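Work through each with the coordinates open.

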Amino acid sequence: MSVAESVRIIDSHTEGEPTRVVIEGGPPLGSGSLSERRARFRDSADPFRRMVIDEPRGHEAIVGALLCEPEDSTCAAGVIFFNNAGVIGMCGHGTIGVAVTLAYLGRIDVGRHTIETPVGKVEVDLLSKNRAAIENVASYRHAADVRVDVDGLGTFMGDIAWGGNWFFLAKQAPCALTRANIPQLTMAAGRIREALRQQGITGADGGEIDHVEFFGPPVARDAHSRNFVYCPGGAYDRSPCGTGTSAKLACLAADKKLAPGETWIQESIIGSRFEASYRTAPEGRIVPRIVGDAWICGDGRLIQQVGDPFGHGLDPRETA
Ligand code: PYC
């Protein structure tokens, strides 16, 4: 068999949301900070990204995590996250997936570890072989009560917050947060994201708001909220989204609706959950702590045979 590409991967899911960790066979990215290496990955490794994430080897909901040598050798690992749309800054469910994957590989034990990401260092407490807590990057609300007008859907008010990615947290949802309504929620969130772009509404320093979040009442009696999180490539997060929950905590903290150390149980659209809390940080920011479970569900190799017409992936969103 003649193989052009061979990539060793471990698949897991965190509260239902998949993470594919690349442990061997990634592109050479040289040295430097994780954000420099992410820029090189973005600019030169698109065929690799697509081969790992897109059909027929993957699908739209997978978040890829390329394990890298950390710049700071005291860190357990460096990681660059990517999905079907490109690279992302940070990924909460993905970091829990990476921690459980490192434990599965015997590279870390229960205890505290630091993981380098392109947007900063993240502390991880591996609580058991399938449970981890992350202390995310400092998160904050950038703007409250922002208005966006969406053709055909009307006006949506919401907050803009940073949780490692930029989020628009809509104050009202277009319909009930049920699994049956996922197509409608996805359509509305995609239109809101497009309207934000067209109306020039961004995060700090012009950061693109590429995630949209709706909230509704939880199903579980002990949860505080249910969410629906729309991701940059059009997929919805099966988990409550680590960075999205961090953005929510930042808004709750800014509105004085949640005190430091208090627990917030965020339920996802499929009913899975994260336990979240925060501590305060300088400049009105918070450091979110997100706890969730991840499970290994695959251990293998992706290959691309010479001559495969879809060797570099097939994105079903493409029209030509
Ligand atoms: O858990 O932060 C997260 C995340 C981002 C995109 C998908 N999941």
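Buried means under 20% relative accessible area, and exposed means over 50%. The model is predicted.

Q: Does Glu15 count as buried or exposed?
A: Glu15 sits in the loop between strand 1 (3-14) and strand 2 (17-24). Its relative accessibility is 14%. The cut-off for burial is under 20%. Therefore Glu15 counts as buried.

Q: What is phi of Glu15 near?
A: Most residues other than glycine have a negative phi. Glu15 is not a glycine, yet its phi is positive. The value is near 50°.

Q: Which loop holds Cys241, and what is its relative accessible area?
A: Cys241 lies in the loop between strand 13 (225-230) and helix 5 (242-254). Cys241 also has a positive phi of about 70°, although it is not a glycine. Cys241 is buried, because its relative accessible area is 5%.

Q: What is omega near for the peptide bond from Glu55 to Pro56?
A: Most peptide bonds are trans. Pro56 is found in the loop between helix 2 (46-53) and strand 3 (63-68). The bond from Glu55 to Pro56 is cis, with omega near 5°.

Q: How many residues of helix 3 are buried?
A: Helix 3 covers residues 92-104 and has 13 residues. Its buried residues include Gly92, His93, Ile96, Val100 and Leu102. Helix 3 is mostly covered, and the buried count is 11.

Q: What does helix 3 reach from its first C-alpha to its last?
A: At 1.5 Å a residue, 18 Å is expected for helix 3. Gly106, with a positive phi near 75°, follows the helix. The reach of helix 3 is close to the expected value, at 18 Å.

Q: Does Gly190 count as buried or exposed?
A: Gly190 lies in helix 4 (residues 182-198). Its C-alpha is separated by 23 Å from that of Ser272, 82 residues apart along the chain. Gly190 has 18% relative accessibility, so it counts as buried.

Q: What is the radius of gyration of the chain?
A: The C-alpha trace spans about 55 × 50 × 35 Å along its principal axes. With 320 residues, a compact globule would have a radius of gyration near 20 Å. The chain agrees with that, at 19 Å.

Q: What share of the contacts with a separation of 6 or more joins residues 24 or more positions apart?
A: The chain has 5 helices and 16 strands. Buried residues make up 57% of its 320 residues. For contacts between residues 24 or more positions apart, the share is 64%.

Technical notes. Residues numbered from 1 in each chain as written. Predicted model: local features only at pLDDT ≥ 70, side-chain atom pairs only at ≥ 80, totals over all residues. Heavy atoms only, no water. Helix = DSSP H or I, 4+ residues; strand = E, 2+ residues; numbered from the N terminus. Expected span 1.5 Å × (residues − 1). Buried < 20%, exposed > 50% of the residue type's maximum accessible area, 1.4 Å probe, protein only. Rg over C-alpha atoms; globule rule 2.2 N^0.38 Å. Contact = heavy atoms within 4.5 Å.
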